[in-house]
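Trainee: Could we go through this model by questions, starting with the ground rules and then the contacts?

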Amino acid sequence: MSNKEGKAMVFEKPQQPFVLQKMTMPRIKETEAIVEISHTTICSSDLHTYNGRRSSPSPCVLGHEIMGNIVELASEGVKDFSGQELKIGDRVTWSIYAHDHNDEMALKGIPQKSASLFKYGHQKLSASSTLSGGFATHCHLRAGTDIFKVPTHLQLKEAAPLNCTHATVAGAIRLAGSLKDKNVLVMGVGMLGLSACAMSKEAGARKLWAMDVNQDRLTKAPDFGSDGEINASTPLGEIESILAKQGGVDVVIETSGTPSAMENGIQLLNIGGVCIWVGAVYTQRDLAINAEKIVRNILTIKGLHNYAPKDLATAIDFLSRNNHKYPFIDLVDREFPLAQLDQAFEVASKGADYRVGVHP
């Protein structure tokens, strides 16, 4: 395999065409693997980079919502996250970063902030880093990557977002604590928000609301477990009245990253409530937060950037058990071959699709 070539569509500058490059297959080291990519979906963070809203090393190979099949393994063997030996042909996904599992931050339980982090879809091209993203024919899995087998009953386009969207939401719910018999408000019902609705429902939420400014997107929320939908353009006082009649909000999961939404989420929390922020991954204005309200109401605000590998395990288990209950497969509508990546990003940038799929 190491003597063969792979291909990648390389990102060089925002809103510029991707460049097709042939790349020699890297020689793998101990605990490493090569995966032949079968499907990648365009994540919102890919769009932020492509459209210049977020800085990223360049040139690079974007794409991190990936899955594929192993075509080469280190001779010493490689184990998956559960400790099982991997084999050629195994259908896998993996954590969006490789890290030193003995790093100080990893030992603190925050592996995604380890000092030597290697992030798939975010690495600058170099002699030692070539096939490191999803918009390519292959991906080189580095030492320190947590690899997971993907159940064969999951279809490609429903499984591809597992290692970003669903794993991030699993991490957010972990931070929120038990949702059993809690009232939950999900703010923003894009891909992250719909996943948050479904996972919150399965986690035992008593009452689940979805909020967004896009009325068309709100119509999707009931299919993913929402008990009620609220247009975010509704005056805050009216929203407070609607929610108060049904017990108010114990947990807010904020996925849009919009400053006004994050501020309003805090205002809507019951005493002792928890706010989890996952959407604010690009530069924006500072928030206006009333410290006295936080203190007197004993509120908690937690942020999550990326996730811990155990969250990906939770996400795979969730989707494996519930893929027929919640129509995630319908959220990846249009698909493009890798050679048409420019067209795929053009479509995705219009915002009408939850996810656009890309396959080699």
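Mentor: What follows is a set of questions on helices, charged pairs, rings and cores. The model is predicted, so local features need pLDDT of at least 70 and side-chain atom pairs count only at pLDDT 80 or more, while totals for chains, interfaces and linings use all residues. Residues are numbered from 1 along each chain as its sequence is written, and side-chain values use heavy atoms, with hydrogens and water left out.

Trainee: How many residues of α4 are buried?

Mentor: Buried means under 20% relative accessible area, exposed over 50%, and partly exposed in between (1.4 Å probe, protein chains only). α4 is mostly covered, and the number of its twelve residues that are buried is ten.

Trainee: Which elements are among those covering the buried residues of α5?

Mentor: Nine of the twelve residues of α5 are buried, so the rest of the structure largely encloses this helix. Among the buried ones are M191, L194, C197 and M199. The cover, counted by contact (heavy atoms within 4.5 Å), includes α4, β9, β10, β12, α10 and β16.

Trainee: Which residue just after α5 takes a positive phi?

Mentor: After α4, a positive phi of about 90 degrees is found at G177. Just after α5, the positive phi is about 95 degrees, and the residue is G204.

Trainee: What is the distance between the closest N and O atoms of E65 and R355?

Mentor: A salt bridge is a side-chain nitrogen of Lys or Arg within 4 Å of a carboxyl oxygen of Asp or Glu, and the whole structure has eleven. One of them links E65 in strand β4 (residues 65–73) with R355 in strand β16 (residues 355–359), parts of the chain 290 residues apart. E65 counts as buried because its relative accessibility is 0%, and R355 counts as buried at 4%. The closest N and O atoms of this pair are separated by 2.9 Å.

Trainee: Is D353 buried or exposed?

Mentor: D353 forms a salt bridge with R334, with 2.5 Å between the closest N and O atoms. D353 lies in the loop between α11 (341–349) and β16, and R334 in strand β15 (residues 332–337), so the bridge ties together parts 19 residues apart in sequence. R334 counts as partly exposed at 38% relative accessibility. D353, at 9% relative accessibility, counts as buried.

Trainee: What kind of aromatic pair do W94 and Y120 form?

Mentor: Rings of Phe, Tyr and Trp (its six-membered ring) pair if their centres lie within 6.5 Å; planes under 30 degrees apart count as stacked, over 60 as edge-to-face and the rest as tilted. The structure holds twelve such pairs. W94 and Y120 are both buried. Their centres are 6.4 Å apart with 75 degrees between the planes, and the pair is edge-to-face.

Trainee: What kind of pair do the rings of F318 and Y326 make?

Mentor: F318 counts as buried at 4% relative accessibility, and Y326 is buried with a relative accessible area of 4%. The ring centres are 6.4 Å apart and the planes lie at 25 degrees, so the pair is stacked.

Trainee: Which residues touch the most other members of the largest nonpolar core?

Mentor: A nonpolar core is a set of buried Ala, Val, Leu, Ile, Met, Phe, Trp, Tyr and Cys residues joined through side-chain atoms within 4.5 Å. Leaving aside neighbours within four places in sequence, F328 is in contact with residues including H166, L194, F224 and F318. In the largest core, of 47 residues, those touching the most other members are L162, V184 and F328.

Technical notes
Helices (H or I, at least four residues) and strands (E, at least two) are DSSP runs, numbered from the N terminus.
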